[in-house]
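Thank you all for coming; I would like to walk you through one structure today, slowly and in a few steps. Please have a look at it first, and then we will begin with a single bond.

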Amino acid sequence: MSRWRKSLLAASIASLAAVGVVALPGVPASAAPADLDVQYECVPSGADSIVRHGPVRLNTHLTFATDLVVGDPLNFTWKLDYADHGRLQSPGYFAPGANVHATGNVELTSSWQGILQPKGSVEQKGKLRPDGELSLPESLNDPGLIDKVGTIKVTPKDIELDFTPPDGTVVANDGNETDNPTDMKINYGPGWSSIDDRPGSENHVHNDLHETNDLGAWAELSFTGTGVEYIGPHDKDAGPVDIYIDGGKVATEDPSRSDDDLPVNDDLDGGFTIWKSPELKYGKHTIRIVNASSKPAWLDAFKVSTNTAKIPTGYHGAKCKLVGGPVSVTVTVRDKSGPTNSQTPDPSKTPTTSPTPTLTPTGTGTSTATSTPTRHHSQPTPTNGLGHVVVVPAVTGTSTSTATPTATGPTATTYVRAQVAKVPKGGVDTGEAPDEPDRPYGLMASGAMLLMGSAGGGLALRRRRAAHAGGTK
């Protein structure tokens, strides 16, 4: 409100104080969104977790509206970022197309009971190697429609992470790394030699393969998936090959015979699936082939398959728990017919204001912390109302405050109100709250003053006339 209107309003109220009480219409509360910085620590929860070398810390930024009307969505936006040098890491070799998934859990109590689960995922760029860094989903979202008046106590809970490799098949070739889409390397024991630059008419993968004539010569591949195939040539001079999965013999194949068990009359006719595994339980496996005679044996490639529908939920998972004490924020839901900024004020009604969102941390008392926050924010003196809330481990010690709630638990919770609780769209953070929009309350008060003044003036005039006429009143 401009200064001259503020002065006019103050003068009008002072002038009317002698003749009556001026009731100004209620100004609707315009609550700032909840704006929480919460740090999490992630630990393994699956059989082959993406948390591989100690806990991984995340900085998260959760925002949602705290003043709603019936029919509005309660929409959570939860942004994730790494807090320090720790990273989620690939559990193996994978072709491009793997995904990291994140699911947040937000507990709702009071007028509503339940859990909302904001979700997000991100596809990893390029192929992955064991312990390669994984990127995080940029944000998690989950809108919920509000259908009744009430209050909602919102409490952030655990975040769950998981990893899904690409669906389909990839070939681990016997050649150099440029021939392998996943960088998986076949491990060859003694007695093998490489045969390179074969004619394309022989149909070998990348026109190369390995050969041995030694009894007992072996080659193997470790992989993560649900199936594997042994690829090699048919040849009239080939001998039998024993095949092992995870240390157990599962088959013996003879590449000198066709699928109909008839002798072949071929020389290095490549590209055939000599043996294919049954569907395996998703996880890490090793296939080994062993030359079972002194005749020639060849290995061109292994083809690994992954059926993502067969991957147990959480196999590569991690669970992230909040660092520090829990924090809760109350959301107020008003009826559609309640006051809004667009309504015309009614001076005849009793002043009302919308309920102000309150910050309700769980527990009371003092807390002790053993770690130091990794993110720093300006911390002006807390005031009433909801602004920017930071939940991080506090400095070791105890403290009490009448202005700011405290939380119990192994780590203290620090609540910080933003220096600028509300910044208009397109505005600049100046450290000062913006002026409220101009409203016509000053003009309304002036009108009331003139009306009541006119009524008072008329009463005085009638008394003077009566006295002149000799009346007693």
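This is a predicted model: local features need pLDDT of at least 70, side-chain atom pairs count only at pLDDT 80 or more; totals for chains, interfaces and linings use all residues.

About the S-S bond of Cys 42 and Cys 320 the torsion is about 105°, so this disulfide, meaning a pair of cysteine sulfur atoms within 2.5 Å, is right-handed. Its S to S distance is 2.0 Å, and a search of the whole structure finds one disulfide. Because Cys 42 lies in strand 1 and Cys 320 in strand 22 (residues 318-322), the pair ties together parts that are 278 residues apart in sequence; strands here are DSSP runs of E with at least two residues, numbered from the N terminus.

Residues are numbered from 1 along each chain as its sequence is written, and side-chain values use heavy atoms, with hydrogens and water left out.

Are the two cysteines buried or exposed? Cys 42 has 0% relative accessibility and therefore counts as buried, and Cys 320 is buried as well, with a relative accessible area of 0%, where buried means under 20% relative accessible area, exposed over 50% and partly exposed in between, using a 1.4 Å probe and protein chains only.

Let me turn to Asp 48, which is found in the loop between strand 1 (34-44) and strand 2 (56-64), and which counts as buried at 9% relative accessibility. Asp 48 and Gly 283 are 235 residues apart in sequence, yet 8.2 Å apart in space, C-alpha to C-alpha.

Key:
Helices (H or I, at least four residues) and strands (E, at least two) are DSSP runs, numbered from the N terminus.
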